[in-house]
Amino acid sequence: MANYTITSSAYLRNNYSAYRQMSIKASRDEATQKELSTADSLALKKAIRSLSDYKYNDEDAEDSDEENIKFYKTLKAFADTYNYTLDSSSSSASKSIKDLGKKMKSFASKYGDELSELGVKFNSKGYMEVSASAVDNIKQSTFGETFSSSSAYKTNFLNELNDVAKKVYRRIDTYL
């Protein structure tokens with residue numbers, strides 16, 4: 001039984017681009033470890049880029065319902081991609097990729113407090129969960145302070161996660 005839920009959406013499928021079929025659970029069950037690791041690492045890099053390049057409203061702007069829905073779907077697709085990557089890395093036959101999965105699990109304790117203020121939490125297994133009400137109750141500018149690539153504060157979480165995605169991708173041909 002999965003320790004997370006995935007919401008299939010155009011945003012998630014967009015993260016997976018050429019590997020779109022890997023955004024669907026049934027396709028993942030039939031895929032090889034190499035296919036999963038390739039698709040997940042590339043999708044995670046794309047999801048990180050989508051989140052950091054998102055056009056966040058500034059502090060004084062009012063967030064419309066339409067903007068909140070779009071941002072929630074972007075954030076949820078990021079979390080779903082994170083969870084798929086964590087799942088495939090943790091179950092990999094490659095020790096180095098499995099170790100990268102462990103590093104992702106360590107992000108829960110390292111960045112959990114910072115992200116929980118934004119309604120992004122980690123469950124006991126290290127999988128990411130996004131509160132549906134977070135986007136309605138927190139201004140986009142607050143998310144932008146943490147995730148935006150133009151932010152002076154930009155979280156180390158996205159930087160470290162991007163490094164993990166790159167390392168998984170580099171190890172695919174070597175170990176799988």
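## Helix α4 and its partners

Let's start with a pairing: helix α4 crosses helix α7 in a left-handed sense, meaning that the near helix is turned anticlockwise from the far one by less than a right angle. This is a predicted model, in which local features need pLDDT of at least 70 and side-chain atom pairs count only at pLDDT 80 or more, while totals for chains, interfaces and linings use all residues. Residues are numbered from 1 along each chain as its sequence is written, and side-chain values use heavy atoms, without hydrogens or water.

The crossing of α3 and α4 is left-handed too. Here are the two pairs, with axes fitted to C-alpha atoms over the stretch in contact and angles from 0 to 180 degrees between N-to-C directions:

| Pair | Axes come within | Crossing angle |
|---|---|---|
| α4 and α7 (residues 140-147) | 12 Å | roughly 30° |
| α3 (residues 33-52) and α4 (residues 65-90) | 9 Å | roughly 150° |

α4 is therefore roughly parallel to α7 (angles under 35 degrees), whereas α3 and α4 are roughly antiparallel (over 145 degrees).

On the α7 side, Glu 67, Asn 68, Phe 71 and Leu 75 of α4 meet Gln 140, Phe 143 and Phe 147 of α7, contact being heavy atoms within 4.5 Å.

Leu 75 is worth a look in your viewer. Beyond its neighbours within four places in sequence, Leu 75 contacts Leu 51, Val 120, Val 130, Val 135, Phe 143 and Phe 147. Among the 45 residues of the largest nonpolar core, Leu 75, Phe 78, Tyr 82, Phe 143, Phe 147, Phe 157 and Leu 161 touch the most other members. Such a core joins buried Ala, Val, Leu, Ile, Met, Phe, Trp, Tyr and Cys residues through side-chain atoms within 4.5 Å, with buried meaning under 20% relative accessible area (1.4 Å probe, protein chains only). α4 gives the most to this core, with eight residues.

Notes
Helices (H or I, at least four residues) and strands (E, at least two) are DSSP runs, numbered from the N terminus. Angles under 35 degrees count as roughly parallel, over 145 as roughly antiparallel, 65 to 115 as roughly perpendicular and the rest as oblique. Buried means under 20% relative accessible area, exposed over 50%, partly exposed in between (1.4 Å probe, protein chains only).
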